[in-house]
Amino acid sequence: MKGSSGCLIAPLGFLGKNAPGPRKPESQAQADIDPRGIGILTPSVEIVSSPGHGRTSLLWAMVFMLRQLSRVWPGYLCWPLDHTTGSSLLEIHEALRLGRLPEPWSSSDSLPHRFALHLRNMNPWGERQFVIWDAPDLAFTPERLGTTGTPRQVSWNKPFFWFLSLSDLDEVRARFLDLELDELIRVRHASGEVAREYPLRVVIVLTKGDAIGDLPPNLRCFLKEDPLARALATSEGGPFRARDELELEQPIGMNADYPEGDPISAYFRARNQIDELARDWMRSNSSGRALLARADDMNVKLKFSLVSATGSGFISGRQLATAWSPRRVLDPYFWALELGA
Amino acid sequence: MLWCEEVGAYVHWLPVTKIQFEYFLCAAPDAHFDAPWYDEILRLNPRISPCELGARNYWRALMTGLRPSEAQRFASWCGDDYRLPTEAEWSSIFHAARKVPPKNEPFAGMCEGASDRVQEILWRFDEVAPQIAQQMRCAPSLGSQMLLQFGTLEWVQTGSPPSAWSVKGEPAPGFCGDLSIPGLPAEPLIADPESCRFAAAGFRLIRFRSPEISGGAQAKNGSAAGSRGKEAES
């Protein structure tokens, strides 16, 4: 299955009837072993998310965009570290192209799933592994842990993504965001893994950004005008054309009309601005202020990002009307890298 | 309806409302549009009455969830000269209307022929429009007043000659998140619009003949569609 370089050659037949259903039982011990035999694949980032806040959709969009990034980032390469991720890459690409949404978590069918990618020439971070679990967490979805077989070991010293869909919070929960952070801190302490060499580092990922009703217009603009989404969309055939990865020598978008330079530079500039603007926006209401104050009090390092995995909520059942158009979905990972992932 | 010089036609002031469509449901002898059908539609986007209409629920007053063919049947019932706009027509209307400041005169006051129910909902929309612009923190324009922005996604015909369907518009985020840019070409639909029902899909009609010529449609749909036309500043 793998070449000597570690590249996985995906076998045919991945695009099966349940695409993309990465839900085969797999023990934790087996899953964590690096298939190349050079160690253990520990998660680079951990995730906490309440049910229905877009965890699986966002992870699909992240994996998709990490792969697509090679079309706009000269020298960058991305390949799967295991067979399961190789399968998932193909299945996710197809699901996004056809506008399919992931099935909601169900106690009978759903099992934790790991994505493991190797990323190379990703300046300024160089070479990294993107290893991340799509699984229930102890903090916000403990009731689902019983459905997943052996609970996996959480790396409490890694940076965390906190996927938070403001549009899915009810009135009460929206007023008590600081208590949710408290809960994460409490569970981390209770884990017994008291190494805690690092303060808790959390990227608050505001998911479903397209559906946030009172989102400030400047933040909404960043979603609408994501330079990576634009570069991919304006390329011939859009982001889903065939043979994307065969054209690395001619990265798209580099000569396009970007007033602020190439899409990658523009993307990173916007990421920093979004963090600041989102922080200001959170500070403008009492719940956000309480969250920021609590994080400060507990020495939690916070970064903010705003994403939209699908780019649209124009759906019928679990079917989007158009192909996915992920926006700003790599910001959380790039923040995690800066936080030491 | 409002005259739009850019397309040389009258355009619905707002996307078609449920109240307008209910006139059609009452009058049209069409078994397809029976009570279970309307129940299904209302499950997608529940109805509100004009007195409940506010800046955080106004989309519930709009008729959405229809398939394009069903919207076309409504257009045919309104009259032979009514139809759904093409993508190019919709874009022209949008670009023209967003450059024009909002009308100070209530639109409801211009619709002398509209029924009381339609007048009532138009009044409510007139009242709520500034709140919507304020809520969305955008400069009010005729486009936002007409809910070309912050309304629904609207069915438009695409292709030349028109042979397919797509949607245009910028829906209210609280109703349907969507990051497409109305000024850019519509994304091709993957899903079959005649086999799926999209809760956020509404529509408006255009008319290529002066509304004064025939009062039939006005009487039939009791709506702004049949109201006296006014020249828009666009």
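Residues are numbered from 1 along each chain as its sequence is written, while chains are lettered from A and ligands numbered from 1 in the order in which they are written. Because the model is predicted, local features need pLDDT of at least 70 and side-chain atom pairs count only at pLDDT 80 or more, though totals for chains, interfaces and linings use all residues.

**View 1. Four strands of chain A line up in an open sheet with parallel pairing.** The order is S1-S5-S6-S7. Helices (H or I, at least four residues) and strands (E, at least two) are DSSP runs, numbered from the N terminus, and two strands pair if DSSP finds at least two bridges between them. From one strand to the next, the twist averages 25 degrees. Helix H8(A) packs on this sheet and touches S6 and S7 of chain A, with its direction at about 100 degrees to that of S7(A). (Axes are lines fitted to C-alpha atoms, for helices over the stretch in contact, and angles run from 0 to 180 degrees between N-to-C directions.)

**View 2. Now look at strand S5 (residues 160–164) of chain A.**

**View 3. Strands S3 and S4 of chain A make a hairpin.** Three residues lie between the two strands. S3 (residues 113–122) and S4 (residues 126–134) of chain A pair in the antiparallel sense over eight bridges. To get your bearings, find Leu119(A), which stands opposite Arg128(A) in S4(A).

**View 4. Helix H9 (residues 286–297) of chain A shows a buried face.** The helix has 12 residues and reaches 16 Å from its first C-alpha to its last, close to the 16 Å expected at 1.5 Å a residue; the expected span is 1.5 Å times one less than the number of residues. Gly288(A), Leu291(A) and Leu292(A) are buried in H9(A). Seen down the axis, the buried residues fall within an arc of 95 degrees, so they line one face of the helix; the arc is that of the directions from the helix axis to the C-beta atoms. Those buried residues pack against helix H5 (177–190) and helix H8 (263–283) of chain A. On the other side, Ser286(A), Ala293(A) and Asp297(A) are exposed. After H9(A) comes Asn299(A), with a positive phi near 55 degrees.

**View 5. Over in chain B, three strands form an open sheet with mixed pairing.** The order is S6-S5-S8. S6 (164–168) and S8 (201–202) of chain B stand at the edges with a single partner strand each, so one side of each is left without a neighbour in the sheet. Five bridges join S5 (residues 153–158) of chain B to S6(B), and these two run antiparallel. Helix H4 (residues 87–98) of chain B packs on the sheet, touching S5 and S6 of chain B, and its direction makes about 130 degrees with that of S5(B).

**View 6. Zoom in on Ala9(B), in strand S2 (residues 9–11) of chain B.** Ala9(B) is buried, with 22 other C-beta atoms within 10 Å. Beyond its neighbours within four places in sequence, Ala9(B) is in contact with Cys4(B), Ile206(B), Arg207(B) and Phe208(B). (Two residues are in contact if their C-beta atoms, placed from the backbone, lie within 7 Å.)

Definitions and conventions
Buried ≥ 20, exposed ≤ 12 C-beta atoms within 10 Å, placed from the backbone.
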